[in-house]
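Student: Please take me through an interface and a ligand site, one feature at a time.

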Amino acid sequence: MQIHLQQCQFEFEQGFQLQDINWQIKSGQHWVITGANGSGKSALVATLAGYGEKIAGTSEGSVEAVALVSFEAQAALIERERKKDDADILDVISVGTAVHEILAEGGTNANIVKDLVEKFALNYLLDRPFRALSTGETRKILLIQALASEPQLLLLDEPFDGLDADTLAMLQQYLAKLSNTVNIVMVLNRSDEIPDFITHLGYMRNATLAHSVARADESGYRELFQLLHLKTSDLRIPPTADSSTQALLNPDQPLVVLSDICVKYDQLKVLQNFNWRIDTGQHWQLCGPNGSGKTAILSLITGDHPQCYSNDIFVFGFQRGNGESIWQIKQFIGYVSTALQWEYRVGTSLRNVIVSGFYDSIGLYSKATDKQRQIADQWLALLGMQGRADQSFNKLSFGDQRLLLIARAMVKHPPLLILDEPCLGLDDINRQLVLALIEKICAAGLSTVLYVNHHSEDTIAGIENYKNIEKHSSNVD
Amino acid sequence: MLRSLANVPVELSKLFKWKMTMSNNYFNTLALRDQLEQLGKCRFMHLNEFTEGVDALKGKKIVVIGCGAQGLNQGLNLRDSGLDVSYTLRQAAIDEKRQSWKNASENGFTVGTYKELIPTADVVLNLTPDKQHTAVVTEIMPLMKKDACLSYSHGFNVVEEGMQIRQDLTVIMVAPKCPGSEVRAEYVRGFGVPTLIAVHEDNDPQGQGLALAKAYAVGTGGHKAGVLMSSFIAEVKSDLMGEQTILCGMLQTGSILCFDKMVEKGIDAGYASKLVQYGWEVVTEALKYGGVTNMLDRLSNPDKIAAFDLAEELKDIMRPLYNKHQDDIMDGTFSSGMMADWAEDDAKLLGWRAETAETAFEKTPAGDMEISEQEFFDHGILMVAMVKAGVELAFETMTAAGIIADSAYYESLHETPLIANTIARKKLYEMNATISDTAEYGCYLYNHACLPLLQDFMKKIDTDVIGKGTVNDDNGVDNARLIEVNAALRAHPVEQIGGILRGHMSDMKAII
Ligand SMILES: NC(=O)c1ccc[n+]([C@@H]2O[C@H](COP(=O)([O-])OP(=O)(O)OC[C@H]3O[C@@H](n4cnc5c(N)ncnc54)[C@H](OP(=O)(O)O)[C@@H]3O)[C@@H](O)[C@H]2O)c1
């Protein structure tokens, strides 16, 4: 069998459309399709079973027998059974179709049915009416029906959902064996459920198949896997070591107040009379063209700009220039930028990079406590990099480095998290990874986020305040 | 007599200066037992000796004289550590808005004249070029507050010129063992550079010198990378020795000899230039991580033995030269010679600088071929041998002269990669531009003596040890000989102290 969709557009009920679908499935391949809710992953797989109307593009290839198990198919069957009830004109209560009849529908192989009923331990309900079953039970029945129809292409939408551990193991084993003869395409929501026999991953975003990658492409596969992991697992931001510095702040004071800021280099003024106040819990996006002084503003806040001593700056309870050290300021800030990544050219381990966030240092110069190491490992797990703690940071891909630096910035739960163009220089998949992580962080509500970005499409849910700065460099007379 | 100098016009003072200081060499005024005591002063300080942080300088007014490599970068660090820093520059620098004025004012510092700022200062950091120290200190001293502190980052003025400083003033030294740009870069990363501190015992009227020096070292971040508590004398005598022999002298002489030999043997000049320009940096990178042993371990076994033998021979030939440099430094011959050149408006120095620019190595641009990291070792066996010989000789000579091993380590092995890096950037010219005039002067002295000294040795050298590498079909070596060489490498005292000091550093420093 083989299927080749090129530039396909499919329309479904209620106007939902899949766009620009390019997808080739060859004999012997097994796919997992995943993506956020509403991304169209179930719809994509359903098209292989003939659902949706193709309104553009070409589709080539042939499949003799297709079987689909999905929530939608399940719902349709349940609906059909219910309708039978309603349609009953007799004044007796209908028992509906018995389970064994359902299992025989569609010309299934009786031996396989028997075998699977035993494997799922469902003998006890063969004579019951289908509509009397629980959701879990109907699911299993439909699975058996699909498997026993001996398809050439088996489509399984979230087949593992709601299965108990024993059944899950049994089914996975069964599918693994089946994969020798049948092509399997699954929709899965959890990256940790991806079976070993899967040869390809596909990622749906905004109703299109945004990425697809073969397992043989190691780095590509790992990135996509990580993305799935971040997007689809139920992640919790790890705790911080001791109490966060949040406790040191006076809740009645703003986090940052920049008053009448002027910054000039030689004869060039880059900022003039700039004012900004950031309160706790107020997430901001800072926009402006290159050279408008965005970076200068950020570095005035972080204390990295030498002119922060000649401006009126109030940060985290300090009026700058009164004997505070930059380390006292930095303890309240988590910071990520491309420039930081360039600076962070170190051969230290991934774990140490994360721990260095506790000390605001580039590289680690203090002995990490056990607790800090433990937290670093939790972050690595969150990033889908568990088991890689001792790898060298400078050997990581650019995108992975960025993720790690975000974890480093967040590790101490800073009152202010500054993300200076965190997606800059990243390809789409890594951009998705970074945005997924940032969204998790925003949702956790631990830090006030200050986000700088050029790309309007890289918006982050939860940011509601916007500061636009104009380019207004002018010469000093 | 010195006091009255303040009123003498500058040109005159320049004329008088070296004559007066000749007789005033501070070290030479000390009794032998005191000389030895001062030379032997050096102790690696524990991090827990810095728990008071910058407290001793909190609220004090720090005024920096000069805003060059050290002045600007130390000042940025001190300010970021919460201290009150401003700059005073000579009038001309302010009037002409020179680079030093721009450095200070664009970074948001207050800049003023000596008259405006020196009288307000609790601590004055003299970060002008060493050559100017007598004139500068003589001019600002009368303006200084009573009981204030005067600090240096190099002790030449006090030790070699015998500068007499007002008795109420505290005199300290805080000397980062790295170029100014590194001082800043490491601080920003949350670390620091190894730093040497000292108190001038003749000028510590309130016994506050050490506390101030410690706070200053914390303010620049030095305490995180390791602080050596030393003396003015030990700092000067070891600093001079290191910079003129292994650090600059050996690399300059080695560059010229290796390049000329390769070209003589028909190796492409672009390749030769590249191998030398970048080779020092690559091989000394290995030195930085694991000492001489690790540098030689990067070679194959037969090559390692070859490098070892070459280095032994080089050491025998060059030992008298290293001894002479150390002797001239100790008895003041070196500094009085150099000060005589100062009085001649640097006639010799400038002449030698011009000569360096004319060497074939300097004038041949590096080719655009690829040289892999390992190839720098395999084709640069002689360079490895030269670094080994120079590091060990400098270390041996210094310690034999009474300088403590810790100090000798920092002034030889530790700094070699830093200088090698400047050659990689822009060859000998950049190296000589980056180092102080004092180091540059000493480097040329060394080079002039060392080139003829190695003439016969170089006659036997062929491309197997420089340029092409050995063609070993068979990697075999005599086991007994290899064991002997490995043991000798590891047993050298610079390796022993290096192991300890690098251990201190890497305890704190995950990256180098
Ligand atoms: N470079 C190093 O690696 C290093 C390391 C440790 C210690 N040190 C020590 O640090 C000190 C400063 O060295 P550096 O390398 O920073 O020197 P530098 O970069 O040459 O800077 C010297 C500064 O002093 C000013 N200056 C020059 N002549 C002056 C004069 N006659 N009166 C007043 N100001 C004058 C210069 O500004 P204007 O010319 O504009 O006035 C300049 O700002 C020296 O004692 C040196 O030994 C250096």
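Student: How many residue pairs are in polar contact across the interface of chain A and chain B?

Tutor: A polar contact is a pair of N or O atoms within 3.5 Å; within protein, one must be able to donate a hydrogen and the other to accept it, and residues adjacent in sequence count only if both atoms are side-chain atoms. Across this interface there are eight such residue pairs, both residues at pLDDT 80 or more. The model is predicted: local features need pLDDT of at least 70, side-chain atom pairs count only at pLDDT 80 or more, and totals for chains, interfaces and linings use all residues. Side-chain values use heavy atoms, without hydrogens and water.

Student: What is the area buried between chain A and chain B?

Tutor: The size of an interface is often given as the accessible area lost when the parts come together. Here about 1,800 Å² is buried (1.4 Å probe, summed over both parts), and carbon and sulfur atoms give 51% of that area. Y309(A), W327(A) and Y365(A) supply 36% of what chain A buries against chain B, more than any other three residues.

Student: Which residues are closest to the ligand?

Tutor: A residue is near a molecule if one of its heavy atoms lies within 4 Å of it. The ligand is surrounded by 22 residues, the closest being C67(B), Q70(B), R90(B), S100(B) and D130(B).

Note on methods. Residues are numbered from 1 along each chain as its sequence is written. Chains are lettered from A and ligands numbered from 1 in the order in which they are written. Buried area is the accessible area (1.4 Å probe) that two parts lose on being put together, summed over both.
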